[in-house]
Every structure is written in C-alpha cells, then in structure tokens.
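Keep the model open while reading.

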Amino acid sequence: MQTKGLSERRGLQIVRMSASALRYRPRPDRNGLLRARIVALPQRHRRYGVGMIHLKLRQAGELINYKRVERLYGLEKLHIRRRRRKKIPVADRQPLIRPARANEVWSMDFVFDRIASGRTLKCLAIVDDATHEAVAVVPEHTIGGDHLTRILDGICSQRGKPAVIRTDNGPEFTGKAMLTWAHRHGIALRLIEPGKPNQNAYVESFNGRLRDECLNEHWFTSLHHARAVIETWRREYNEERPKKSLGGLTPTQYAKQLAARPITIPENSNALRY
C-alpha cells in the first residue's frame, strides 16, 4: 500500500485491521512441558481421564488449575473412548411349555451364597423341565465357561444329553466355551430375554426352594461341607419330597411314570405348571 501512496494507518483502516494485530508476534508456548507430562500419563495409564491426570499432577507437586489441564487435555485429543456394553442378540421368545419326556429341556441358573469365611458360594442349578427333577446342584467358589462345560460333561455321561438348554444371558452361558460345547454335542441353546427371569420360571421356582429349604437353613463352614449338605438336600428333593403339581408324587416317581406311559398324572394334578 505504501507503493500506492497510502500510509500505514490509512491502509489498516481500509482492510479494517488494528495496528496491534499487525505487529503481533506469538509468544513461545509456555505449556510445552505441561503438555508433555499430560501426554505421558495416559501412555502409562490408559484409562486415566482428565480428573485423574489433574490429581496425579497435584500429587507430584504441580499446583495447576483444573481448567488448564482440561483445555490441554482436549487439545491433545486424549479423551477416553467409552466402552460400550456388549449387545446380546435378541433371541426368539420360546413358549414355556412342559416337555413330554425327560432330557428334552434342561433349565440352568446360578444361585449365590457364602461360607463361614465369607467366600462366595456359586451354585449351578440344573432342572429337568419335564420331570421336575433337580438334575444337579453344583457348588463351587467360581465357575467359568470352561469349568461349566466340564461339569456338564460329567452330568451328561451319567444322565444323558438334553436336546435343549434354557438359560439367562450370563457370561458363562453365552461365552465361546459354552457355544462350542453345545455345537459339538448337538444341543440347542435357548436364551431368555434380558431382564425377564419369568421366561425361565422352572429353574427360578426351584431356586426359591433351594434357598428357602437349604441355603437359608444351614451355615456352611467350608466348600466341602456345602457340597455334602446341598447334595443330601437334592436327593431328598428328588426322592422324598412330594409335589402338589404332580398329584403328591416325588419327581423321581413322576419321572418313572413318564418314562413308562405318555401321560400318567392324576386328574387333580396340574403338571403343565411348575
């Protein structure tokens, strides 16, 4: 503009720019060391957010304003990626119909309690929907996917394989180990809808009896003690405890009649319900 004969002031008026903006020189970044420390902390602790990083800096003696840390944290794009909950595919809702034969459908679930030392007691409960029998109640401290398949292998070797197993959406039942085991043995897995325990009502009803008549009535001193007491109660439930829905028969007696004839229930019974 000076070549056009205009002064600096007149030229700034034409382009609508202030003299301070023209003469501005950026200052060196005084946050360089702080930026480096903010970047280094998430490299070591991947799940640390801005709040934790601010606390770690203060712990190291850095009296830094939280908003300053938050601003630099955002400029470095260090935001934690939120982990989304694994979505369980919606299964087809299956009608809750009493099967006609044993080993057609098993229902499984976990019941929790504690022993005297405070350790968790995790009981795998398996019920035959047709005969009302408690196929197994297996107490352990922990039961993972591989452990669950080993337990099922032992039960199936003695009782035979079911055609269908109905469970909730617990990680043990939906994991790779369980899916592989069921595919290898030709067993169909039926998952209830999340948050709908009434769709697995047979085993839920059994769980209530197990807790009321056994778990709440005993104080287990050890895992070995729990196994002995629970197995004794399971045998009594199958062989000695009459059920009104079976016309006063025990599950073992009803299973024998069911194996001999298609329908052998007294007229006043209601075997279509649990």
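## Strand S1 and its partners

Start at Met108, which stands opposite Ile126 in S2. The model is a predicted one. S1 and S2 run antiparallel and are joined by 9 bridges. Their hairpin has 5 residues between the strands. Within the hairpin, Gly118 takes a positive phi near 100 degrees.

S1 also pairs with strand S4, residues 164-167. Here the strands run parallel, and 3 bridges join them. In general, strands of a sheet pair through backbone hydrogen bonds, in parallel or antiparallel fashion.

## The sheet as a whole

What is the order of the strands in the open sheet? It reads S3-S2-S1-S4-S5, with 5 strands and mixed pairing. Strand S3 (134-140) and strand S5 (188-191) stand at the edges. Each has a single partner strand, so one side of each is left without a neighbour in the sheet. From one strand to the next, the twist averages 25 degrees.

Helix H9, residues 201-213, packs on this sheet. Helix H9 touches S1, S2, S3 and S4. The direction of H9 makes about 35 degrees with that of S1.

## Salt bridges across the chain

How many salt bridges does a search of the whole structure find? The count is 11. One of them joins Glu62 and Arg37, with the closest N and O atoms 2.9 Å apart. This pair links distant parts of the chain, 25 residues apart. Glu62 lies in the loop between helix H4 (50-59) and helix H5 (66-75), while Arg37 sits in helix H3, residues 32-44. Glu62 counts as partly exposed because its relative accessibility is 31%. Arg37 is also partly exposed, at 34%.

A second pair involves the sheet. Asp128 and Arg159 meet through their side chains in a salt bridge, 2.9 Å from N to O. The two residues are 31 residues apart and link distant parts of the chain. Asp128 belongs to strand S2 (residues 120-128), and Arg159 to helix H6 (residues 145-159). Is Asp128 buried or exposed? Asp128 has 0% relative accessibility, so it counts as buried. Arg159 has a relative accessible area of 27%, which makes it partly exposed.

Arg235 is partly exposed, with a relative accessible area of 45%. Glu231 counts as partly exposed as well, at 25% relative accessibility.

Salt bridges can also share partners. In this way Asp128, Glu133 and Arg159 are joined into one network. As a general point, side chains of opposite charge can pair when their charged atoms come close.

## Leu34 in helix H3

Leu34 is placed in helix H3. Its relative accessible area is 9%, so Leu34 is buried. Which residues does Leu34 touch, leaving aside those up to four places away in sequence? They are Leu57, Ile64, Arg68 and Leu72.

Arg68 is 34 residues from Leu34 along the chain. The C-alpha atoms of Leu34 and Arg68 are separated by 9.9 Å.

## A nonpolar patch on the surface

Leu6, Ile14, Val15, Met17 and Leu22 form a nonpolar patch on the surface. Together these residues have about 380 Å² of accessible area.

Leu22 lies in helix H2, residues 19-22. Leu22 counts as partly exposed because its relative accessibility is 37%.

Conventions. Residues numbered from 1 in each chain as written. Predicted model: local features only at pLDDT ≥ 70, side-chain atom pairs only at ≥ 80, totals over all residues. Heavy atoms only, no water. Patch = residues over 30% accessible without salt bridge, like charges linked within 9 Å, V, L, I, M, F, W, Y side chains within 5 Å. Areas by Shrake-Rupley, 256 points an atom, 1.4 Å probe, with all protein chains shown as cover. Salt bridge = Lys/Arg side-chain N within 4 Å of Asp/Glu carboxyl O. Helix = DSSP H or I, 4+ residues; strand = E, 2+ residues; numbered from the N terminus. Buried < 20%, exposed > 50% of the residue type's maximum accessible area, 1.4 Å probe, protein only. Contact = heavy atoms within 4.5 Å. Pairing = 2+ DSSP bridges. Axes fitted to C-alpha atoms, helices over the stretch in contact; angles between N-to-C directions.
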